[in-house]
Amino acid sequence: MSNPVVYIDGACENNGRYGARGGIGVYWRPNDPRNVSEPLIGRQTNNRAEIQAAVRALGQAQTSRLRALTIVTDSKFLINSVTEWMDGWRQNGWITSTGQRVENREDFEALICVLAGINVKWVYVKAHSGNFGNDAADRLAHKGVFNNIY
């Protein structure tokens with residue numbers, strides 16, 4: 001039996017500029033009540049939206065008591081952060097290899113909490129490549145942007 005699969009995406013209009021608005025998308029399958037389209041709360045950046053989409057999906061997995069999950073994302077930043085960099089950041093007091101503070105520390109700490117007890121397989125898919133699940137998560141994230149009043 002294979003792991004359940006969830007597709008996640010974050011979006012941010014005007015990323016890095018004044019008036020930026022972000023949203024998150026979580027897509028399990030068609031018409032699934034767990035599908036999520038929400039505005040990003042807090043600082044509005046694309047990377048935060050990507051992380052928070054993962055936090056939301058993993059929170060759902062925790063609620064469902066899933067012990068294994070495949071997360072499909074178009075964010076190499078998120079995958080590299082979780083699989084290559086995060087352990088080192090934690091060991092170094094949330095300082096990067098270049099001596100800078102980890103910009104999204106609070107988001108990563110929230111991610112660590114919801115990762116507990118779940119064996120996650122992280123899968124990269126190219127954005128806007130015709131992957132049905134990724135495209136659905138992207139639509140949900142963009143819908144969340146336009147519902148963002150922050």
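Leaving aside its neighbours within four places in sequence, with which residues is Asn104 in contact? The residues are Arg43, Asn47, Arg48, Ile51 and Phe77, where contact means heavy atoms within 4.5 Å. The structure is a predicted model, in which local features need pLDDT of at least 70 and side-chain atom pairs count only at pLDDT 80 or more, while totals for chains, interfaces and linings use all residues. Residues are numbered from 1 along each chain as its sequence is written, and side-chain values use heavy atoms, with hydrogens and water left out.

Asn104 is situated in the loop between α2 and α3. Helices (H or I, at least four residues) and strands (E, at least two) are DSSP runs, numbered from the N terminus. With a relative accessible area of 4%, Asn104 is buried; the term buried means under 20% relative accessible area, exposed means over 50%, and partly exposed lies in between, for a 1.4 Å probe and protein chains only. The side chain of Asn104 is joined to that of Arg43 by a polar contact of 2.7 Å. A polar contact is a pair of N or O atoms within 3.5 Å; within protein, one must be able to donate a hydrogen and the other to accept it, and residues adjacent in sequence count only if both atoms are side-chain atoms.

Another buried side chain belongs to Gln44, whose relative accessible area is 13%. Gln44 is part of the loop between β3 (36-39) and α1. A polar atom of its side chain lies 2.8 Å from the backbone oxygen of Leu40, and the side chain of Gln44 also reaches the backbone oxygen of Gly42, at 2.6 Å.

The discussion now turns to the helices. Two packed helices are described by the angle between their axes and the distance between the axes. Helix α1 (residues 46-63) and helix α3 (residues 105-115) pack at about 20 degrees, and their axes are 9 Å apart. Axes are lines fitted to C-alpha atoms, for helices over the stretch in contact, and angles run from 0 to 180 degrees between N-to-C directions. Helices α1 and α3 are therefore roughly parallel to each other, a term that applies to angles under 35 degrees. On the α1 side, the residues making the contact include Ile51, Val55 and Leu58, and on the α3 side they include Phe108, Leu111 and Val114.

The buried residues of α3 are Asp107, Phe108, Leu111, Ile112, Val114 and Leu115. They pack against α1, α2 (76-91) and β5 (119-124).

Just after α3, Gly117 has a positive phi of about 85 degrees. Gly117 belongs to the loop between α3 and β5 and is exposed, with a relative accessible area of 52%. Its C-alpha is 6.2 Å from that of Arg67, although the two residues are 50 apart in sequence. Apart from its neighbours within four places in sequence, Gly117 is in contact with Leu66 and Arg67.

Positive phi values also occur in residues other than glycine. Trp94, in the loop between α2 and α3, has a phi near 65 degrees and counts as buried at 8% relative accessibility. His128, in the loop between β5 and α4 (132-146), has a positive phi of about 55 degrees and is exposed, with a relative accessible area of 60%.

How values were computed. Parallel < 35°, antiparallel > 145°, perpendicular 65-115°, else oblique.
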